[in-house]
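This briefing is for a reader who is new to the structure shown below.

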Amino acid sequence: MGLRTPMYDMHLALGAKMIDFSGWELPLHYGSQVDEHHHVRNECGVFDVSHMCITDVSGTDAEPFLRLMLSNDVARLTASGAGHYSAMLNEQGGVIDDLIVFRTAEGFRLITNALTCQKIQGWLKQHTQNFSVSIQLRDDLAHFAIQGPESIERLSEVLNSSRAHIIQNLAAYHGSFDGDWFLTRTGYTGEEGIEIMLPADQAVDFFNELIGYGITPIGLGARDTLRLEAGFTLLGNDMDENHSPYTANMHHVVALEPKERDFIGRNALETQLSNGIQEKLVGLVLEERGVLRAGQPVRIEGVGQGTITSGSFSPTIGKAIALARVPIQTGERGEVEIRQKWYPVRVVSPRFVRHGKILI
Amino acid sequence: MSTTPADLRYASTHEWARLEADGIITVGITDHAQQALGDIVYLELPQPNSQLSAGQIAGVVESVKAASDYHAPVSGKVTEVNEGLTDAPEGINSHPYQSWFYRLQPDNPAELEQLLDADAYNASCSA
């Protein structure tokens with residue numbers, strides 16, 4: 001048996017087909033993954049993302065500690081509640097984890113992947129010797145993502161007036177506490193959305209209320225096609241410890257300024273930059289019928305080869321799309337091998353859909 | 001809960017087969033199969049006039065989740081393929097027993113008798 005969120009029985013009652021994801025038993029879909037996908041693009045839906053790893057870092061050295069541990073610079077988060085996208089790198093500059101970090105009154109809150117939760121607890125603790133910090137895994141919290149163009153409006157009907165006021169006024173990538181609830185304007189779908197972290201013992205009642213107000217539950221299947229259309233990378237697929245953020249379309253998670261800030265992986269990244277980055281993560285669109293999948297080989301005539309790191313059918317576009325790691329010289333055309341046959345693909349910026357609009 | 005019409009025959013690999021009045025066999029995939037696959041977005045059909053043997057891969061069906069081969073339930077020659085279904089493969093999810101993939105002239109009609117009946121197929125799915 002895998003790990004279960006407090007909503008496990010509700011997922012079953014809602015007809016979910018459950019799958020294993022990073023050791024968790026989670027809903028793949030509640031009937032139709034494609035319908036759920038469209039629902040988030042056009043209205044809104046709720047994801048149980050309680051498997052995600054929440055870690056609070058506090059203590060007088062929380063800031064210098066995380067300036068060492070993270071590729072983006074938490075000193076840039078000047079106000080309490082401010083957040084940004086970041087990464088934890090190894091000494092070789094490979095991506096151990098990608099995350100969102102928020103400044104809080106006591107320090108910082110890190111939202112990282114379920115897959116690496118135990119590993120990064122160890123990784124963080126292993127580096128605390130010269131710092132006065134406390135690291136607390138918040139597995140006492142549940143976590144929901146309410147996403148879609150109607151999410152703020154619909155969620156405001158469910159929340160009490162103080163929390164409704166908070167979510168209506170949150171800037172992108174910001175969070176705010178209301179008691180022991182933490183509400184953030186973040187998401188993984190390319191639509192407007194709010195994420196809520198709350199005590200696990202209140203989660204089932206709240207999930208029930210969301211469903212009762214007609215907010216549709218959405219499974220991991222649609223979460224994956226939504227993030228792929230938005231061009232958001234997935235740990236283990238599009239990035240890993242053997243790949244630098246520069247080859248994963250994650251340049252924006254690396255803050256090389258100020259130069260005097262040392263962070264784990266910095267030396268390796270600087271060497272990579274001075275040697276020249278050889279690969280990039282691009283978007284692919286299959287113009288013919290078929291489905292692009294992770295692992296399929298890509299070839300670029302006159303340039304070289306690459307690999308699809310994430311691929312699926314895009315419900316919004318109606319064609320197969322993918323993220324692929326290819327040589328840096330790759331232009332606008334390529335070919336992908338599907339079942340021993342090569343198909344032409346268009347190479348595009350890895351951002352296919354945003355706020356309901358097709359960008360490619 | 002999936003449906004399994006009593007008037008069809010089934011392969012343990014989740015294809016249904018229907019013997020038509022003219023001796024041709026019509027083939028598709030079962031309700032159980034489409035439920036397991038999830039939203040189907042792509043269908044690759046066998047070549048018309050190709051010869052298939054029982055159990056041989058006849059084509060590929062892909063859902064948002066995964067690609068899956070389907071197999072010939074009996075040996076025979078492909079007489080017709082449902083080209084229209086490739087334009088709207090989601091029909092396989094909504095009407096699995098109307099969404100036929102191809103028709104087959106069986107080499108040996110008796111082979112059909114070796115396929116599972118509805119009860120035996122249901123039993124094999126729950127095994």
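**Overview**

Chain B has four helices and nine strands. The model is a predicted one. Chain A, for its part, comes to nine helices and 21 strands.

**Chain B as a whole**

- Read from the N terminus, the order of elements in chain B is β-β-β-α-β-β-β-β-β-α-α-β-α.
- Taken along the principal axes, the box filled by the C-alpha atoms of chain B is roughly 35 × 30 × 25 Å.
- Of the 127 residues in chain B, 39% are buried.
- Among contacts in chain B with a separation of 6 or more, 65% join residues 24 or more positions apart.
- UniProt, in an unreviewed entry, places the feature "domain: Lipoyl-binding" at residues 24-105 of chain B.
- That span, residues 24-105 of chain B, is 20% helix and 41% strand, and its end C-alpha atoms lie 5 Å apart.

**Chain A as a whole**

- Chain A has nine helices and 21 strands, and its radius of gyration of 20 Å is close to the 21 Å given by the globule rule for 360 residues, so chain A is as compact as a globular protein of that length.
- The C-alpha trace of chain A spans about 60 × 50 × 40 Å along its principal axes.
- Buried residues account for 48% of the 360 residues in chain A.
- In chain A, 66% of the contacts with a separation of 6 or more are between residues 24 or more positions apart.

**Where the chains touch**

- Ten residues from chain B and 13 residues from chain A take part in the contact.
- On the side of chain B that touches chain A, β4 (40-44) and β6 (57-63) each supply at least two residues.
- By class, this side of chain B has five nonpolar, two polar and three charged residues.

**B:K65**

- The UniProt annotation "modified residue: N6-lipoyllysine", from an unreviewed entry, covers B:K65.
- B:K65 sits in the loop between β6 and β7 (67-71) of chain B.
- B:K65 counts as buried because 23 other C-beta atoms lie within 10 Å, and the cut-off for buried is 20 or more.
- Not counting residues up to four places away in sequence, B:K65 touches B:L37 and B:G38 in chain B, and A:G221 in chain A.

**A:T309**

- A:T309 has its place in strand β16 (residues 304-314) of chain A.
- With 23 C-beta neighbours inside 10 Å, A:T309 is buried.
- Although A:T309 and A:T233 are 76 residues apart in sequence, their C-alpha atoms are 9.2 Å apart in space.
- Beyond its neighbours within four places in sequence, A:T309 is in contact with several residues, including A:N237, A:D238 and A:A294.
- The contacts of A:T309 also include A:L323, A:A324 and A:R325.

**The largest nonpolar core**

- The largest nonpolar core has 121 residues.
- Those with the most contacts inside this core are A:L66, A:V101, A:L284 and A:L292.
- A:L66 is in contact with A:V57, A:V74, A:V101 and A:F108, leaving aside its neighbours within four places in sequence.

Definitions and conventions. Residues are numbered from 1 along each chain as its sequence is written. Chains are lettered from A and ligands numbered from 1 in the order in which they are written. This is a predicted model: local features need pLDDT of at least 70, side-chain atom pairs count only at pLDDT 80 or more; totals for chains, interfaces and linings use all residues. A residue is buried if 20 or more other C-beta atoms lie within 10 Å of its own, exposed if 12 or fewer, and partly exposed in between; C-beta atoms are placed from the backbone. Two residues are in contact if their C-beta atoms, placed from the backbone, lie within 7 Å. Ala, Val, Leu, Ile, Met, Phe, Trp, Tyr, Cys and Pro count as nonpolar, Asp, Glu, Lys and Arg as charged, and the others, Gly among them, as polar. UniProt positions are given in the numbering used here, feature names are shortened, and annotations may be inferred rather than shown by experiment. A nonpolar core is a set of buried Ala, Val, Leu, Ile, Met, Phe, Trp, Tyr and Cys residues joined through C-beta atoms within 7 Å. The radius of gyration is taken over C-alpha atoms; the globule rule is 2.2 Å times the number of residues to the power 0.38.
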